[in-house]
Amino acid sequence: MHEEDTIIALATPNGQSAIAVVRLSGGLCLEVVADVFKRRTPPAYRMSVLGNYHCVDGRELDQVLFTLFAHGASFTGETVLEIACHGNPLIVRLIIQDCVQRGCRLAEPGEFTRRAFMSGQMDLSQAEAVAEMISAQSERALSAARKRLHGAVGKCIDGFCSQLLEVLAQLEAYIDFPEEDLPDETEVGPIKGIAELITNMRGLAETGRYAELLNNGIKTIIVGPPNAGKSSLLNALVGEDRALVSSEPGTTRDFITERIMLGHHCITIMDTAGLRDGETALERAGVTKTLEKMQQAEFFLYVIDSTLPSPVLPPGSLELFHVEQTLVVENKCDLAESFAHPDVLPGRPHVRVSSQTGEGLEVLKALWAERLEKDLQLPSEDVLVVGARHAGALVRAAEALELALEGYQRRTYTELVCVHLREALDALGEITGRINNEQLLDTLFAKFCIGK
Ligand SMILES: Nc1nc2c(ncn2[C@@H]2O[C@H](COP(=O)(O)OP(=O)(O)OP(=O)(O)O)[C@@H](O)[C@H]2O)c(=O)[nH]1
Ligand SMILES: [Mg+2]
């Protein structure tokens with residue numbers, strides 16, 4: 001088979017490092033190995049070989065380790081050469097320039113993975129999972145990406161497709177050979193599995209909402225009256241002095257966001273200005289902004305100063321503290337004047353902590369993690385989670401199937417029912433990429449960075 005032009009890119013981050021890996025894919029790899037490393041015979045595939053890199057002009061550039069992967073048995077499906085050189089950006093640049101002189105060209109963003117998809121090494125959902133494996137921020141996100149990389153989404157979709165194809169084949173047979181002894185159209189007949197299929201597709205699409213939580217973290221907001229110790233709590237959770245702390249109420253004006261890990265979960269945590277019935281226009285504006293941020297949050301830590309009487313919530317804020325997604329943090333429990341406040345946001349769990357001494361923080365984290373597991377109903381690790389794009393396609397497929405089912409039950413033309421079934425198949429095909437849609441591919445792979 002003719003291989004496409006040979007592409008080259010740095011596969012590791014740019015900058016000084018112990019090692020940098022330059023990757024080539026395409027038909028020129030064998031020639032490059034022979035010439036660069038002065039080898040008469042090509043090395044064994046998938047074996048790291050020590051060699052001296054010689055430029056086109058014969059100059060020796062670096063001592064490197066290189067690995068050759070055979071056509072049909074590599075990431076891209078083409079012959080691939082990986083050169084691990086010393087991690088100096090200058091060496092990397094010179095190697096790339098030299099290979100370009102030898103006829104290679106610089107890879108476009110995502111082009112390696114695109115080739116892997118085009119050569120049938122992976123379906124589209126797996127190709128997307130490559131990017132997800134690289135960007136995953138939590139163990140849960142990693143395990144979801146790993147499942148997709150192993151082709152779990154593709155397998156599931158293939159299962160749906162083959163069921164649909166079977167129904168379609170039976171219905172089309174009926175159109176083509178109506179005189180044959182096929183089940184009566186009025187009977188449930190071939191369409192019987194469709195309702196269950198719709199339920200399964202919708203169920204899988206539902207998991208798409210977790211993708212955002214897994215990838216971007218669970219949006220958690222720290223709110224409470226001024227001076228309660230909100231910024232101190234953020235700092236204690238992050239483990240460094242990220243936000244400014246002072247005894248003066250109204251210290252925090254801007255929203256500071258940090259990422260922390262809570263068990264397997266990634267949390268995006270935001271510190272806010274104090275929630276109070278503001279007197280000045282600026283204070284009121286600050287509270288309005290906080291309330292706005294609260295609308296987008298998925299979890300709330302309501303921090304109070306436990307040495308003071310219970311605070312009064314600003315109007316309109318109480319209903320934002322969902323019972324299942326709020327923890328009341330009674331801060332400053334290290335002080336002698338501290339006392340319990342069961343009347344604050346009753347019905348939500350309370351935990352007494354000291355952001356200063358760290359007391360109670362572990363209890364807070366455990367309670368918080370428990371709430372997340374239970375109330376956000378994050379899927380357990382063995383559940384397959386699809387991405388937002390997949391979820392969208394699954395919903396479209398389910399909708400088309402609902403029309404097919406409705407049409408069948410209302411005894412519309414079988415042809416029309418088949419049209420809807422085909423629509424569902426097309427929508428499913430978008431997930432695995434087993435449809436020919438260049439535009440979709442361009443949009444997807446453009447999100448990759450060069451070298452992937
Ligand atoms: N003793 C004690 N003092 C604390 C604790 N947490 C915070 N403080 C003190 O309380 C004061 C206010 O802390 P901040 O973290 O700035 O409070 P805040 O809620 O962010 O305040 P604003 O941003 O002004 O709304 C500071 O003087 C902190 O040192 C605690 O657990 N124990
Ligand atoms: Mg603050």
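This report walks through a few features of a predicted model.

## Two helices side by side

Let's begin with a pair of helices. In general, two packed helices are described by the angle between their axes and the distance between the axes. Here, helix H12 (residues 388-409) packs with helix H13 (residues 414-432) at an angle of about 170°, and their axes are 8 Å apart. That angle makes H12 roughly antiparallel to H13, because angles over 145 degrees count as such.

You can find the contact in the structure by looking for residues of H12 including Ala393, Ala397, Ala400, Leu401 and Ala404. On the H13 side, the residues that meet H12 include Leu421, Ala424, Ala427, Leu428 and Ile431. By class, the residues of this contact divide into 14 nonpolar, three polar and three charged.

## Around the ligand

Next, look for ligand 1, which is surrounded by 23 residues. Which of them are the closest? They are Gly229, Ser231, Ser232, Thr252 and Gly274.

Helix H9 (residues 230-238) gives the most to this shell, with three residues. The shell around ligand 1 is made up of 14 polar, six nonpolar and three charged residues.

## One face of helix H5

Now turn to helix H5 (residues 139-149), whose buried residues are Arg140, Ala141, Ala144, Ala145 and Arg148. Seen down the axis of H5, these buried residues fall within an arc of 135°, so they line one face of the helix.

After H5 comes glycine 151, which has a positive phi, near 95°.

Glutamate 258 sits in strand E8 (residues 256-262). Is glutamate 258 buried, exposed or partly exposed? It has 18 C-beta neighbours inside 10 Å, so it counts as partly exposed. Leaving aside residues up to four places away in sequence, glutamate 258 touches Leu234, Val238, Arg242 and Ile269. From C-alpha to C-alpha, glutamate 258 and tyrosine 53 are 44 Å apart in space, and they are 205 residues apart in sequence.

Histidine 71 belongs to the loop between strand E4 (60-69) and strand E5 (80-87). Why is histidine 71 partly exposed? Because 19 other C-beta atoms lie within 10 Å of its own, while a buried residue needs 20 or more. Histidine 71 and aspartate 5 are 66 residues apart in sequence, and their C-alpha atoms are 14 Å apart in space.

Note on methods. Residues are numbered from 1 along each chain as its sequence is written. Chains are lettered from A and ligands numbered from 1 in the order in which they are written. This is a predicted model: local features need pLDDT of at least 70, side-chain atom pairs count only at pLDDT 80 or more; totals for chains, interfaces and linings use all residues. Axes are lines fitted to C-alpha atoms, for helices over the stretch in contact, and angles run from 0 to 180 degrees between N-to-C directions. Helices (H or I, at least four residues) and strands (E, at least two) are DSSP runs, numbered from the N terminus. Angles under 35 degrees count as roughly parallel, over 145 as roughly antiparallel, 65 to 115 as roughly perpendicular and the rest as oblique. Two residues are in contact if their C-beta atoms, placed from the backbone, lie within 7 Å. Ala, Val, Leu, Ile, Met, Phe, Trp, Tyr, Cys and Pro count as nonpolar, Asp, Glu, Lys and Arg as charged, and the others, Gly among them, as polar. A residue is near a molecule or strand if its C-beta atom, placed from the backbone, lies within 6 Å of it. A residue is buried if 20 or more other C-beta atoms lie within 10 Å of its own, exposed if 12 or fewer, and partly exposed in between; C-beta atoms are placed from the backbone. The arc is that of the directions from the helix axis to the C-beta atoms.
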